[in-house]
2 protein chains.
Amino acid sequence: PLSSDFTPPTNKEIGATAHAEPGNPSVYLCGNSLGLLSKRSDQLIREELDAWRTRAVVGHFDHPKQRPWVKFTDEVHPLMAEISEAEVACMGTLTNNLHLMMDSFYKPTAERYKILCEAKAFPSDQYAFASQAKAHNLNPADAIIEDILSVLEREGSSIALVIFSGVQYYTGQWFPMESITKKGKEKGCIVGWDLAHAFANVPIQLHAWDVDFAVWCTYKYGNSGPGGIAGLFVHEKWHEVELPKYAGWWGHTLTTRFKMPPTFSPISGAQGFQQSNPCILALASVLGSLQSFTAVGMDKVRQRSLSLTAALDEKLRSSKYFVPPAEAAKGLNGNAKPAFTIITPEDPQARGAQLSLLFLPVGTGVMQKVFAYLMERGVVGDEREPDVIRLAPAPLYNTLLDVNAAVKYLEEAFGSLA
Amino acid sequence: PLSSDFTPPTNKEIGATAHAEPGNPSVYLCGNSLGLLSKRSDQLIREELDAWRTRAVVGHFDHPKQRPWVKFTDEVHPLMAEISEAEVACMGTLTNNLHLMMDSFYKPTAERYKILCEAKAFPSDQYAFASQAKAHNLNPADAIIEDILSVLEREGSSIALVIFSGVQYYTGQWFPMESITKKGKEKGCIVGWDLAHAFANVPIQLHAWDVDFAVWCTYKYGNSGPGGIAGLFVHEKWHEVELPKYAGWWGHTLTTRFKMPPTFSPISGAQGFQQSNPCILALASVLGSLQSFTAVGMDKVRQRSLSLTAALDEKLRSSKYFVPPAEAAKGLNGNAKPAFTIITPEDPQARGAQLSLLFLPVGTGVMQKVFAYLMERGVVGDEREPDVIRLAPAPLYNTLLDVNAAVKYLEEAFGSLA
Ligand SMILES: Cc1ncc(COP(=O)(O)O)c(C=O)c1O
Ligand SMILES: Cc1ncc(COP(=O)(O)O)c(C=O)c1O
């Protein structure tokens, strides 16, 4: 693997009861849902437990490993930042940060009040958008449009906010972030991004693309663990204009934060949006994983990702159970035998690590049977009812062997259905 | 100590260079700022690291210790709840939860728009109140009143929200929560509480007192570690009325959450306000400590707290360096020799664990010298510039020996100033 910091669970650990080698590592292709624990994260977390036990409150300012808690995020931000550290903050959770950003950047007027998002956005985002619309006394059915660039062209002047996911959680499509942002800006909209599936997966240039704001979680490709601490980006051009709307002391300038003056004086940029002192165990966890990325280098990570996903794609497409998407769409497979297609774009520039497999005939339980077969053999993907399995080789820890094994067991699974 | 789950740092670990016994436990009287790591928390966190390493994504539903992550909070809520579990949620951070609650419960009108808080509220709260007022196009200078019951009597009809801290962070005063709440409700106000210093410190009956909402952090007396996960209370009577304003998928009913329907259908009660999947390491940490409280029993904890703080109070008041508050207020000590008074109420029903010592003459650096002397001897308190040291015996892990040692070194410190 590209990094030796990760050890996948064994077949036995993961509950793969039908594998001949229970002690062998499982084929973990689920980093798009929850990344693995890295040795670095594990160690950093244990170090923080030690720091807490041995220093207690003193650790805020005087830390055994020189990571005083009051500025622990200083360790994380440079590794998260693309260009300017002042543009990112490691804080909170994705949905929470999304609301914070919409509180500031979604300012509907009588003429321009709509939210444009992708079709079938992740439900938490849908709930967030609808509740924000309602909070402005708007009817979500009118205020929220799910569609793409054509709508932007047609209805741009009524759209206040364009907010898409960078990589779509279900299809695995990497949206053309740069051109969507450009088109949105041309039409006078604010453009924000949900990077849940894009962070630490595909190369993004939020600053250069003139993105207004973005939010992400870090527990998928970022390997920060269940419910890990999230991130937020606010473009530099907003730093003097759009001050944090809902203030907290952790957004207050560090030099005077503990003097506790009565008036809020925010840190310039994204970090001014921090409200509370952040969870140190969560920060240690994400820091460890980000160090693994830095050690390898993001360019290499993407190269590796491209080659692993291309290999998986190629092998899947040459399977005798594969049906090309166009054929599947035509319903040719309507009453036919079990098969699958791929709903993720074939163009490597239009996807990240993940491939989403749609099982056919839809609604007949093929997916569930295949998924169970794979799990029993230690191939961990992510099932999306009713018919999709998502497989994502994570560039840091997956290998070609994983790709081969996944396809082998997938074909076996189909064989077993006969 | 009342619980054997906690081991204070040693003198050496804490940097107490002038103590003759570097290996002895320090006198940690700073649980009001950051509680100690318990053995249970430490173990639960390590178990979650193991679960993450060995199960990865499978841990969400199938957990080696039967704490599947999707419902990990089910372990925590009963231990946090006072009566009805549906009234509490373990989530987010204090300031963030405060904003969430104010977003829902602070609804200023032309006549009734003011926020009444205690004088000198914790700055994060002040920033939060001011920013909320501004978000409603109100002038904080007009909209925020810092005062107590008399104002409520006089200006009640203009007050939308009464929000105090249960125990004041600076003075250690435990406000008469029941009567403030009652008076606020009589005047038609919403009444909320910041329980940062009250949670796991003094007995509170939010439901019975008819409190509308409350928020708290858990890293002080709650021992959840730096930046630990916080809590929130919403009174049952609001459950059908005041639905979450800013929705996220984690507030969606569990039975359909992962079916991901497009429309938000909140869990009834406080837990409907959850936005994101919570940090498991943080939950494990607070769970461990809450188990220690449960093992001992909250009544015993308060009894022990009363006796430890009474002992500290008595010893301090019989010190020759003590000046009664009334005298200190009269400025008798203006140009006199170093001394201290206690600004925390003497009535045990008007305080929790903490005593706040004001050092005299004010502004002359007595506090700083005493604080340094104490730290060097392993007595850890909390300094508040310019003149206050807060000392808080934590009932679970502090003992009478700690109280005695603290007073002994305090007197030595004064002796050394001569
Ligand atoms: C009374 C009070 N309110 C609010 C806070 C802010 O806490 P957080 O950073 O967890 O939001 C604190 C922190 O010490 C506090 O003591
Ligand atoms: C695209 C997308 N948005 C939002 C979320 C919600 O995340 P959180 O629970 O961290 O707020 C997820 C979680 O998987 C996601 O995939």
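Me: What share of the 418 residues in chain A is buried?

Reply: Happy to start there. In this predicted model, buried residues make up 63% of the 418 residues in chain A. A residue gets that label when its relative accessible area is under 20%.

Me: What makes the radius of gyration of chain A agree with a compact globule?

Reply: Set the two values side by side. A compact globule of 418 residues would have a radius of gyration near 22 Å, and chain A has 23 Å, so the two agree. The C-alpha trace of chain A spans about 75 × 60 × 35 Å along its principal axes. Its secondary structure comes to 14 helices and 13 strands.

Me: Which part of the contacts in chain A joins residues 24 or more positions apart?

Reply: Among contacts with a separation of 6 or more, 69% are between residues 24 or more positions apart.

Me: What do the surface and the charges of chain A look like?

Reply: The accessible surface is about 15200 Å², and carbon and sulfur atoms hold 54% of that. Chain A carries 38 positive and 44 negative side chains, with the centres of the two sets 2 Å apart.

Me: Why is S289(A) called buried?

Reply: Its relative accessible area is 0%, and the cut-off for buried is under 20%, so S289(A) qualifies. This serine sits in helix α10, residues 280-296 of chain A. Leaving aside neighbours within four places in sequence, S289(A) is in contact with S38(A), S41(A), G222(A) and N223(A).

Me: How do you know that Q271(B) counts as buried, and where is Q271(B) placed?

Reply: Q271(B) has 14% relative accessibility, which is why it counts as buried. Its place is in the loop between α9 (254-257) and α10 (280-296) of chain B. Beyond residues up to four places away in sequence, Q271(B) touches H77(B), E85(B), A86(B), V88(B), A89(B), W250(B) and G251(B). Q271(B) and P244(B) are 27 residues apart in sequence, and their C-alpha atoms are 9.2 Å apart in space.

Me: What makes L206(B) a buried residue, and which residues is it in contact with?

Reply: With a relative accessible area of 5%, L206(B) is buried, because the label needs a value under 20%. L206(B) lies in the loop between β6 and β7 of chain B. Apart from its neighbours within four places in sequence, L206(B) is in contact with E82(B), M177(B), L195(B), V211(B), A214(B), W216(B), F233(B) and H235(B).

Me: Why is D74(B) called partly exposed?

Reply: Its relative accessible area is 44%. Buried needs under 20% and exposed needs over 50%, with partly exposed in between, so D74(B) is partly exposed. D74(B) belongs to helix α3, residues 73-80 of chain B. D74(B) and C90(B) are 16 residues apart in sequence and 9.5 Å apart in space, C-alpha to C-alpha.

Me: What is phi in D210(B), and how does D210(B) count in terms of accessibility?

Reply: D210(B) has a positive phi of about 70° although it is not a glycine. Most residues other than glycine have a negative phi. At 28% relative accessibility, D210(B) counts as partly exposed. Its place is the loop between β6 (190-194) and β7 (213-216) of chain B.

Me: What is phi of M260(A), and is this residue buried or exposed?

Reply: Phi of M260(A) is near 55°, a positive value in a residue other than glycine. M260(A) is buried, with a relative accessible area of 14%. It lies in the loop between α9 (254-257) and α10 of chain A.

Me: What kind of peptide bond joins L360(A) and P361(A)?

Reply: That bond is cis, with omega about -10°. P361(A) is in the loop between β10 (355-360) and α13 (366-376) of chain A. In chain B, the peptide bond from E385(B) to P386(B) is cis too, with omega near 0°. P386(B) is found in the loop between β12 (382-384) and β13 (388-391). Most peptide bonds are trans.

Terms used:
Residues are numbered from 1 along each chain as its sequence is written. Chains are lettered from A and ligands numbered from 1 in the order in which they are written. This is a predicted model: local features need pLDDT of at least 70, side-chain atom pairs count only at pLDDT 80 or more; totals for chains, interfaces and linings use all residues. Side-chain values use heavy atoms; hydrogens and water are left out. Helices (H or I, at least four residues) and strands (E, at least two) are DSSP runs, numbered from the N terminus. The radius of gyration is taken over C-alpha atoms; the globule rule is 2.2 Å times the number of residues to the power 0.38. Buried means under 20% relative accessible area, exposed over 50%, partly exposed in between (1.4 Å probe, protein chains only). Contact means heavy atoms within 4.5 Å. Accessible areas come from the Shrake-Rupley method with a 1.4 Å probe; for residues, only the protein chains shown count as cover. Lys and Arg count as positive and Asp and Glu as negative; His and the chain ends are not counted. The place of a charge is taken as NZ of Lys, CZ of Arg, CG of Asp or CD of Glu.
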